[in-house]
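Subject: Structure for your review

Dear colleague,

Please find below the structure that I am handing over to you, together with its sequence. My notes on it follow directly after.

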Amino acid sequence: MDAILEVRSLTKRFHGVVAIDNVTFTLERNKILGLIGPNGAGKTTLVSLVSGTLEPTNGSVLFEGALIHQLPAYRRGLLGIARTFQVMRPFPGLTVVDNVAVGALFGAANGSHKLSGAQEEAHRWLKFVGLDHRAAQRADALGGPDRKRLELAKALAMRPKLLLLDEVMAGLNHVEIEEVISIIKKVRDQGISIVVIEHVMKAIQSLSDQLLVLHHGEKIAEGKPEDVLSKDEVITAYLGRKRS
Amino acid sequence: MKLGLKLALAALVVGLLATVPWWGSPVMVQFGINALILATLAQSWNIIGGYTGYPSFGNSVFYGLGGYGVAIAMVQFHLPFAVGLLLGVFLAVLFAFLLGLPVLRLRGHYFAIATLGLAEVMTAIVSNLEIAGRNVGLILPLLKGDTVFFELSLALLAVTTITVAWISRSRFGFGLIAIRENEEAAAVMAVNTTLYKILAFALCSAFAAIAGGIHAYWITYLDPSSAFDITLNVKMIIMAVFGGAGTIFGPVLGAFALSAISEILASKVTSLASIFFGLVIVAAVVFMPRGFADLVRRFRQQRWRYFQENIKAHRV
Amino acid sequence: MQLLWQILVNGVLLGGLYALMALGLVLVWGVLNIVNLAHGALIMLGAYACYYLFTGFGLDPFAALPVAMVLLFCLGYLIQRHVLNLVIRAPMFNTLLITFGLEVVITFLAQITFSADFRTVNPSYAGANFVLLGATVPLVRLLAFGVALGLTFALWLFLDHTGIGRAIRATAQNLTAARLYGVNPRRLYALTFGIGAALAGAAGALYGVVSQINPYIGSSLTGKSFAIAIIGGLEKSIYVLVGGLFLGIVEALTALYIGPTYTDVVSFGILVLVLIVRPTGLLGRTA
């Protein structure tokens, strides 16, 4: 088993509130892990702990076998971890292509360090997510679905080994969701390991090799999608009552 | 206008300006030196305030350290001016690294206040140092003729502006802009935000220090309150913002425009330069808060409504 | 030991005045989110108002104080209503710049009106002292301390127990909600700024009695008020009292043990340290 990401007994406390409680899991290389759970379960917090936006209270995170939970966020980016934000974080004053170019300039270990090269790469990633026609527009002029595409392109431009996607499908219609699913599969086919936080159940089911269910910061289920989704605890967590 | 063309034009202007001491009046040359030094300060602020988005209210420290570097080297140790400049730059950059590290962790107005506090502390410390002449200050050796200082200031402004131009097209600059636009996102996208912020701070400190050194030698006198003049901070910020923060030529234009306006108004009613400067600041912040560049861009569409729109957007 | 006690007494008396100086700044900062770089200039104007009422009309400085407060209130109201209100929703950076511009204008007008000479308000009882447990307490300083505490208390009463005061606090927390309850933000903001200016005026009047004034004291007093505000913490007006007393005592101790020229080094040094280590102030809750 080639684990690209290992999370061991990870705990995060905020002023007495336990956001993540003793979570342990492993992600194998080139697989897709779906991270689900009701709102407020701690999914984004978990991703932030892996990406370095937050520091854990207890526990450890290993990336490709090395401990990373003490490293600052930018170092983890250099190692090959990229993430999108649920509340989107563009660089508002920059154009769409420049937004993505930042990722190409800094994230890729073997990427271009020259501006022109980075912008060329940015265009390629924009084409990949279907946003190249808006390359010259300001990032803050984009609408919701396009912003999600931009988030994705920025992360991809970093040529990550591990991609953490936080609700990239929220607010999209069926057609757009299908597009995103196929993009994610293409990314996986390029050898990238992915963690996907999602509420769109059909998408999660079709994408994930493994599912991890969080509730109140605790892992309550883990395994193959069809097994996990039929478990009582999972259904109760979402619906609040047993299915008869 | 392409950048290459703009730079060529700028080079032409620099060449023309360099001839001013030979045909301009002494008053004009003196005005020029002051304006050039202020422009350099505004441009150096542009690096940390305009491009990186950290509005430092303490760049006067670097200016003062530059001045005192020159003064101490020349007066206490009888070293040449160039060595004094190096000393000043060294002190300023050291300060930027040592104190930049803790202070650049602060955001927004807390950063502004911290830098203002640092400026006050330095003023107070220096006024207690024997080697700096305490409160009385130091008197520097006299170098006759303004021409040398004019050319030096012009050269300094040119170098500073070229540096800013390089920043705007470089990977380093992109990192700074990313930090300005969204620091958390920049960190996640593998920008070493701490290092970049400190480098930007150090870079602007060096230019401000040289400006301070040239100015001290020119007026041959230095004391804590004039070297670390707190009002300089706001002047350079206003000039950079008025001209257009985060642009290559904005701060230069802003500095010259504001200096010229103050000078012209002052010459009509003698010695009232200060009050007009204050009034101009108030008017500029109310009517054109995004600077001159923005005004020019939107004036074509909106005409006089531009000013109205700005007020409507910002008032209650 | 005796000397230390005297220094502490001096520090506390000074601290009360310092707290009053910073009070107006904190009020305006908390409610309007305006960082007023002209605050010291308003203090300076209050000092001159008291001075001219004293020398021109023979009014005892402590009687002139309310008059100075009213004058500064009107000035503050007008400034906010017609100038600052225009930029109040702009990024805070803009208010920093515009209040600086105002500071330049006010200082300059003061300079040409009042001349640059140092002045002091010297009531007949200026030299009177009495002794408290071995420390000499100048009467004027004790009176100033009393007035400062009284005004701080009065502000707290006002904010907590009057309708307008509660409206001000509500607006500070949630402008939209306050509007729904019928608060007129323009007038309320102007009122609040007026109160802040009045407090500054009071501090200035007291300052004129215990120290020398000239048109240029504004900027250093602004700096000092900032230091007090940040050190104490911005959340409650009572924190300002702690900040003021702290700074007063620290400055007195510094003057004794290190040297009087080092007080600014220590004051602003502590300001920077507090910002770096504990930005919410000595008393504020960590964010």
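Two pairs of chains are in contact, and of these, chains B and C share the most contacts. Please bear in mind throughout that this is a predicted model. To the contact between B and C, chain C gives 39 residues and chain B gives 35. On the chain C side, at least two residues each come from helix H4 (92–114), helix H8 (185–210), helix H9 (217–232) and helix H11 (263–277) of chain C. The largest share is that of H4(C), with 13 residues. Chains A and C, by contrast, do not touch, and their nearest C-alpha atoms lie 10 Å apart.

Chain A contains an open sheet of four strands, ordered S2-S1-S4-S5 and paired in the antiparallel sense. Its edges are formed by strand S2 (17–28) and strand S5 (66–67) of chain A, each of which pairs on one side only. Within this sheet, strand S1 (residues 3–14) and strand S4 (residues 58–63) of chain A are joined in antiparallel fashion over five bridges. Thr11(A) has Asn58(A) in S4(A) as its bridge partner. Helix H1 (residues 43–51) of chain A lies across S1, S2 and S4 of chain A and runs at about 65° to S2(A).

Chain A also holds an open sheet of six strands, with the order S6-S7-S8-S3-S9-S10 and mixed pairing. Here the edge strands are strand S6 (81–83) and strand S10 (218–223) of chain A, each pairing on one side only. On average, and with direction ignored, neighbouring strands of this sheet are turned by 15° against each other. Strand S3 (residues 32–36) and strand S8 (residues 193–197) of chain A supply a parallel pairing over four bridges. In that pairing, Leu35(A) stands opposite Ile197(A) of S8(A). Helix H6 (residues 174–189) of chain A packs on the sheet, where it touches S3, S7 and S8 of chain A, and its direction makes about 155° with that of S8(A). H1(A), which lies across S1, S2 and S4 of chain A, also lies across S3, S6, strand S7 (162–166), S8 and strand S9 (210–215) of chain A, and it runs at about 150° to S7(A).

Ala200(B) belongs to helix H10 (residues 193–219) of chain B. Ala200(B) counts as buried because 28 C-beta neighbours lie inside 10 Å, where 20 or more are required. Leaving aside residues up to four places away in sequence, Ala200(B) touches Ile47(B), Ile48(B), Tyr51(B), Thr52(B) and Leu176(B). Arg107(B) is 93 residues from Ala200(B) in sequence, and their C-alpha atoms are 16 Å apart in space.

Helix H1 (residues 3–18) of chain B is hardly covered, as the count of buried residues among its 16 residues is zero.

With kind regards

Notes
Residues numbered from 1 in each chain as written. Chains lettered and ligands numbered in written order. Predicted model: local features only at pLDDT ≥ 70, side-chain atom pairs only at ≥ 80, totals over all residues. Buried ≥ 20, exposed ≤ 12 C-beta atoms within 10 Å, placed from the backbone. Contact = placed C-beta atoms within 7 Å. Pairing = 2+ DSSP bridges. Axes fitted to C-alpha atoms, helices over the stretch in contact; angles between N-to-C directions.
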